[in-house]
Amino acid sequence: MDKGTRFFILILFILMSVVFYNSVFADPAALATGSTSVYKVTMNKFELDNGVGSTPVTAFEGTSSTLDIASAPDTNTSVGNFMSGLVVPDGDYSRVKPTASGTFTVAGSVSYLGTTYYTTSAIGSGGGSLPSTVGPAQECTITVTMGTINWENLPSTITVTDGKPNYRCRVKFNTSAALGLYDMGGHYELMPQQPDTSMSLISQ
């Protein structure tokens, strides 16, 4: 994977945290949160432009590979072939618009009022995992309703020359509070939450 491809994959994830998670997980606060041992995501589309009025560039469209950010929290070294083949033409880019699939596979547990609730593969009426009080946690695939995905400004304008960006990037995820317990009116369900994300940009 070349530096340009790796850079934009990492930028995609930090913006996914800002744009996508805010639109999806804008529901009422969870009763409690807990950690995930599995947190798998995919992306459907990734666009860039240089501001209002510029011509957008679609760098990726389709179904990406799956990345488990719970088992591979440091994407600088573990991103592997996620969205391999990403092509970004030379130019300046100040905004991105990542579109996620809206489908997550998670496994984990949440403790609430002295009881630990573990994910199971069963889906409840609210669309989340029907929990069990007996572990271990099972993987559960959950589909959430996508909100409106807007263009988001990058921290700095990126210039790509001969396929190489003028910045390198490091992104880390923390999924220690990325699972939420919700009261669905008579029963509990577990839903994925926004992971904590940190990013550093380094000029090169």
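This is a predicted model: local features need pLDDT of at least 70, side-chain atom pairs count only at pLDDT 80 or more; totals for chains, interfaces and linings use all residues.
**Entry 1**

I started with the open sheet built from three strands, which reads 1-13-14 with antiparallel pairing. Strand 1 (32–34) and strand 14 (188–192) sit at the edges with a single partner strand each, so one side of each lacks a neighbour in the sheet. Strand 13 (residues 179–183) and strand 14 run antiparallel and are joined by five bridges. I looked up L179 and found its bridge partner in strand 14 to be P192.

Next I went to the open sheet of five strands, whose order is 4-3-6-10-11, with antiparallel pairing. The edge places go to strand 4 (57–61) and strand 11 (164–165); each has a single partner strand, so one side of each has no neighbour in the sheet. I followed strand 10 (residues 152–161) to strand 11 and counted two bridges in the antiparallel sense. V160 has P165 of strand 11 as its bridge partner.

**Entry 1: salt bridges**

How many salt bridges does the structure hold? I get three.

I took R95 with D49 to begin with, where the closest N and O atoms are 2.7 Å apart. R95 lies in strand 6 and D49 in strand 3, so this pair ties together parts 46 residues apart in sequence. Is R95 buried or exposed? R95 is buried, at 13% relative accessible area, and D49 is buried as well, at 3%.

Then I looked at E47 and K97, whose closest N and O atoms are 3.9 Å apart. That still makes the list because the cut-off for a salt bridge is 4 Å. E47 is in strand 3 (residues 43–49) and K97 in strand 6 (residues 91–100), 50 residues apart. Both E47 and K97 are buried.

The K40 pair with E139 has its closest N and O atoms 3.5 Å apart. K40 belongs to strand 2 (residues 36–41) and E139 to the loop between strand 8 (115–118) and strand 9 (140–143), so the pair links parts 99 residues apart in sequence. I noted K40 as partly exposed, with 26% relative accessible area. E139 is also partly exposed, at 40%.

**Entry 2: whole chain**

Of the 204 residues, 45% are buried. Among contacts with a separation of 6 or more, 74% come from residues 24 or more positions apart. The accessible surface is about 9200 Å², and carbon and sulfur atoms account for 46% of that.

Note on methods:
Residues are numbered from 1 along each chain as its sequence is written. Side-chain values use heavy atoms; hydrogens and water are left out. Two strands pair if DSSP finds at least two bridges between them. Helices (H or I, at least four residues) and strands (E, at least two) are DSSP runs, numbered from the N terminus. Buried means under 20% relative accessible area, exposed over 50%, partly exposed in between (1.4 Å probe, protein chains only). Contact means heavy atoms within 4.5 Å. Accessible areas come from the Shrake-Rupley method with a 1.4 Å probe; for residues, only the protein chains shown count as cover. A salt bridge is a side-chain nitrogen of Lys or Arg within 4 Å of a carboxyl oxygen of Asp or Glu.
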